[in-house]
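Q: Could we go through this model together, one topic at a time? Please keep the answers plain.

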Amino acid sequence: MGDPKEAGAEGPPAGAAARGGLSLLSQGEPEEPSAQGSALFLGGNEVKSRAVVKYSSAPPRTAFARLEEKTDLKLPPANWLRESAKLGPAGTTILGNSKKSKPFSSFGMAYDFIDSVGNDVDVVSDSENIKKLLKIPYSKSHVSMAVHRIGRTLLLDELDIQELFMRSSQTGDWTWLKEFYQRLIDQKWQRKKKSKEHWYQKAILSKFLYYSINGDGAAQPVPSTAEQQESSSSDQTNDSQGASWPAPFEMPSSVSEDPSASSQGSEPLEPSYIVGHVASAPKEQNLTTLFNDGEHSQGLKNDFVRNILWTFEDIHMLVGSNMPIFGGGRYPAVSLRLRDNNKPINVLTGIDYWLDNLICNVPELVMCFHVNGIVQKYEMIKTEEIPNLENSNFSTKVIKDIAQNILSFLKSNCTKEGHTYWLFKASGSDIVKLYDLTTLCEETEDKYQNPFTMPVAILLYKVACNMMMKKNQNKKHYGTIRTLLLNCLKLLDKSRHPQIIASANYMLSELFQLDEPKKEENSESPLNENSDESYSEEEEEMPDSDENGSYSTSSDPSDDSKAVAIIKSVGELSVPEKYKSIHQIRPSCAFPVCHDTEERCRLVLSYVLEGLKSVDSSIKKESDLPAADPSTPIPLKYEDESTRGDPEGPEKQMALFLDKMGSLQKGNYSSQSGMIPGSWQHKMKLQLILKSSKAYYVLSDAAMSLQKYGRALRYIKLALQSHDTYCCLCTNMLSEVLLFLSQYLTLCGDIQLMLAQNANNRAAHLEEFHYQTKEDQEILHSLHRESSCQGFAWATDLSTDLESQLSVSCKCYEAANEILQFSDLKSQNPEHYVQVLKRMGNIRNEIGVFYMNQAAALQSERVVSKSVSAAEQQLWKKSFSCFEKGIHNFESIEDATNAALLLCNTGRLMRICAQAHCGAGDEFKREFSPEEGLYYNKAIDYYLKALRSLGTRDIHPAVWDSVNWELSTTYFTMATLQQDYAPLSRKAQEQIEKEVSEAMMKSLKYCDVDSVSARQPLCQYRAATIHHRLASMYHSCLRNQVGDEHLRKQHRVLADLHYTKATKLFQLLKDAPCELLRVQLERVAFAEFQMTSQNSNVGKLKTLSGALDIMVRTEHAFQLIQKELVEEFGQPKSGDAAPAADASPSLNREEVMKLLSIFESRLSFLLLQSIKLLSSTKKKTSNNIEEDAVLKTNKHIYSQLLRATANKTATLLERINVIVHLLGQLATAGSAASSSAIQ
């Protein structure tokens, strides 16, 4: 193959870059410096080769001992098969006496270099298998290999059919494969024994290598007993090969269900890889290997002396090699070979030597020639000269093409991850076939008879674990990780591998971030990528049909219907690019897109459930359900009415719960299923239960935001039941888990509060609360295996009683707060602590308001004369206590606004207490009592505290205005009661008047009439009423007072001032015409009272004129009343008759009629007095034209008024129309008179 030509080496000097690239990932000594890469140029056809030693357990290289001529290799040396310091930890392996390659050797390497698997390595295999594949076109010998795919990586292992079928004959296993082999491939199969020549050559090679390291003792033969040792070692080798296959039914001893059942003394497995948050623990030590001692007995150990990352052209391979490497030639490293001088080197041997040196990066080959075991001579050959040796020349370019074609063929056809493929070429045949053993195995009765199932599943699992550990990139790989784990689960039998199944399901649940923020719809999420670049190859164009057909099933008799693919002739492998890899690995390993939180949580819970089932199935128990705990009552569906309203019940339950939380700090443990603390079941179940509690918490939170409070309570109940079970199993409570519990209880408190506030939809909430999915029931069943799940029953019952709901909500917050006191969580989580205290303050406010309203209801039902009941007083105390605690909560977190609101509510409670005392006496002898004064003053104190808490209006204008209004109202109410029910038996009239005046003025101070707001009309009305009341009080004082003229004058001025202010404010309001009318009438009465004390007609006329002017100004009030009546009757002003109608809801008709009658009488009286006075004045002075006009007008208006009042059939609207008309005339006359006077 290929023309032999002079070859030259061009590359880095030996050892130039070795130290920089040497990576020791396991125990063992580093290799001596060796060139990491070399480039060989052969006949102009460049073949690139680069090798990096990833791990070596070989000792430091020593120079080989050159044997003297005529040394007899049939005689064993003194050191044969003995350990030596020169051999190092690798033992005899390095000298070729190790067992042949184990069937799982590639898995051992893959476990050690998990980073490379599925990602940047194309092939993982023993160097012997690589050589065997690349020699297929040159060799007639049979090829039998198992091929597995993990991502872009292929794992190749020798599948020794002879060994397999010999085992099948002994145990009955593998019969399906034996039958298949005999039926389709070799009908007359029988075991072929190896020849004596084979064992002879093996023995002298071993002795030669031992001689080569002996040096000083090379000529010392051992006693003849060594010959027996030689034969026994050969037998041992042979026997050991038989034991290298695991039984397909067996689990590794370390993964057996009973940890004590280890048959080989291996320690029980401590799988820390399943403990803690796998996704959030990037440290490599948290992810230990799945097997300890058990893996060695299963053939899963990396037995190779060296693991090398070999890049041959564009193919990246992780290769295991045991080739002995020595020092002592022209280069620091040489390989040593023993050749029979009578047998020339053939192509197969040349390829063997060349590939070995390339893989191990050895630049020189030393050959020792012998005849019948007698050493003849040594010869040294450079690696790049090997393809040109006489009788063994070959083209390296062809070898490169073979490698690329075989890799493409395998990658195109070994497409299913987790499946075991069998590459087979019969001895002497040119046809290579590829079978899918997994599919063939599934057709048999027991699909788990494939011995590769377990190692492949473990490797899939480990690759997924490794990808999850890389926290910086694992988000974009989530689709890949999920696919790996799902493929792993497909391979495993639930009854045989519960540990891996549970762990894989837990990892699947960890892929879904429950608390991840909601993303924008348009944003590109890395989780939704359709493929993962490390798990996909570039799609190439489909090959032409003739190329594709060369390994597709056709009608050719050499084809096999069971084969996945066939290479019809090994010669095709030498054709450049004959085969192309057209299969895209994992074209869609997309991470499932969850449209909402509930869907994501449900997926998580489905994986958690599978994990829990797996754990539970592995725990041997007499029955599925544990026996009932005699100290725990069995929960029933009904609720005892007698205990429901008892406040002591939940109190005691919460106290027990807090005791339990405290005891967890000391490490108490109680499991009903009998799990051993520290076992994998215990650790895994803890993690799964914690995950389920988180998922239910997120579901509850989502339901809460949708206002589905019954559903939210059901989910938080499941979350707390999960947490209760976790507490029962946990031996050492982590602070993080306590924080979760505090959050769960906080949410539970929120839900109970919302249920209390939405009592009108209770039936729907109740239905949602009692509904349960099958999945939830099964998870709960698993929880009940460990605990009664009643630890939080006090918090999650759906009560129909408002008081108990509020009480439970409060207890939830209190418990959440208590938990934060453990382990200094308060200072570590200040935001959550503030939220809990805010909620505690809020719920205490709610409960305080509830009790306050109950007290107010009792008060309204009470008979007026009856004294305050004990029940009312009890409710006041409860309400006050709640407000006080709530204020303390808000003050402790410096929440001034909410503290002010609670102080405001406390003020309101004090006013209710005052009102209760006001109705306690006889109504006829009613006086403002000292108790009322005491409570009103307390209320005022709380309102003032609220204002002090706020500081300024800027902090919260709405709350500030509200507190000011309440304070104004309190002063006003107190002043009104003192004015209406003056305590004359205890205080003098003057003192009462002074107190009333002070209280009214303070009320005015806190009544903001200027700020534009929704409350402005109320403030204006309040201020107008205060001025009216003060004016009335001073008016009354003036009427009743005799003597002190200065005081009388002061009262007159104050009365007039307040009447004027009251009138102005009432005129601003459109809905208080009656009040305006009343004030104006009182002003008229005040003028009349002043007139009685006047003696001169001029003074009287002036006062009368002023009074009539006040009357004219009432026109605005009558117009407002007129407008309302017109709107009420729905008719125009000119209507002749108005039908009788009921009183308007906004207008008190009786009040209007009463005021109208008074107004008519007062107007009539004033007009009459005016006419009399003007008439008497006219007799004395006849030349006053102005007075004549006024007199004439007054007479005319007076006559009209008399006629109108005489008409008893006139409606209210007609009477008002008349008054408005007359007032208009009076106003016109007044303005005309004043204008003429000016002229």
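**Loops, core, sheets and helices**

Q: Where is the place of N391?
A: N391 sits in the loop between strand 12 and helix 10 (396–413). Helices (H or I, at least four residues) and strands (E, at least two) are DSSP runs, numbered from the N terminus. This is a predicted model, in which local features need pLDDT of at least 70 and side-chain atom pairs count only at pLDDT 80 or more, while totals for chains, interfaces and linings use all residues. Residues are numbered from 1 along each chain as its sequence is written, and side-chain values use heavy atoms, with hydrogens and water left out.

Q: And what phi does N391 have?
A: N391 has a positive phi of about 70 degrees, although it is not a glycine. Most residues other than glycine have a negative phi. E313, also not a glycine, has a positive phi of about 55 degrees. E313 belongs to the loop between strand 7 (306–312) and strand 8 (315–321).

Q: How does E313 count in terms of accessibility, and at what percentage?
A: E313 counts as partly exposed, at 21% relative accessibility. Buried means under 20% relative accessible area, exposed means over 50%, and partly exposed lies in between (1.4 Å probe, protein chains only).

Q: How many helices and strands does the protein chain have?
A: The protein chain has 40 helices and 15 strands. Of its 1239 residues, 53% count as buried.

Q: Changing topic: which residues touch the most other members of the largest nonpolar core?
A: They are I150, W422, L459, I716 and L745, in a core of 180 residues. A nonpolar core is a set of buried Ala, Val, Leu, Ile, Met, Phe, Trp, Tyr and Cys residues joined through side-chain atoms within 4.5 Å. Helix 21 (residues 735–757) gives the most to this core, with 13 residues. There is also a second, separate core of 57 residues, and V123, F312, V319 and L573 are among them.

Q: What does L459 touch?
A: Leaving out residues up to four places away in sequence, L459 touches F107, A110, Y111, I114, V117, I150 and L155. Here a contact means heavy atoms within 4.5 Å.

Q: Which strands pair with strand 5?
A: Strand 13 (residues 420–425) pairs with strand 5 in the antiparallel sense over six bridges, and strand 6 (residues 153–158) also pairs with strand 5 in the antiparallel sense over six bridges. Two strands pair if DSSP finds at least two bridges between them. A146 stands opposite W422 in strand 13, and H148 has L155 of strand 6 as its bridge partner. The hairpin of strand 5 and strand 6 has two residues between the strands, and G151 takes a positive phi near 65 degrees there.

Q: In what order do the four strands of the open sheet come?
A: The order is 9-10-11-12, with mixed pairing. Strand 9 (325–326) and strand 12 (374–382) are the edge strands, each pairing on one side only. Strand 9 and strand 10 (residues 334–340) run antiparallel and are joined by two bridges. F326 has V334 in strand 10 as its bridge partner.

Q: Now helices: at what angle do helix 20 and helix 22 pack?
A: Helix 20 (residues 709–729) and helix 22 (residues 762–770) pack at about 30 degrees, with their axes 7 Å apart. That makes the two helices roughly parallel, since angles under 35 degrees count as roughly parallel, over 145 as roughly antiparallel, 65 to 115 as roughly perpendicular and the rest as oblique. Axes are lines fitted to C-alpha atoms, for helices over the stretch in contact, and angles run from 0 to 180 degrees between N-to-C directions.

Q: Last one: is H1058 buried or exposed?
A: H1058 is buried, with a relative accessible area of 5%. H1058 lies in helix 34 (residues 1045–1068) and touches H1027, L1030, A1031 and Y1034, not counting residues up to four places away in sequence.
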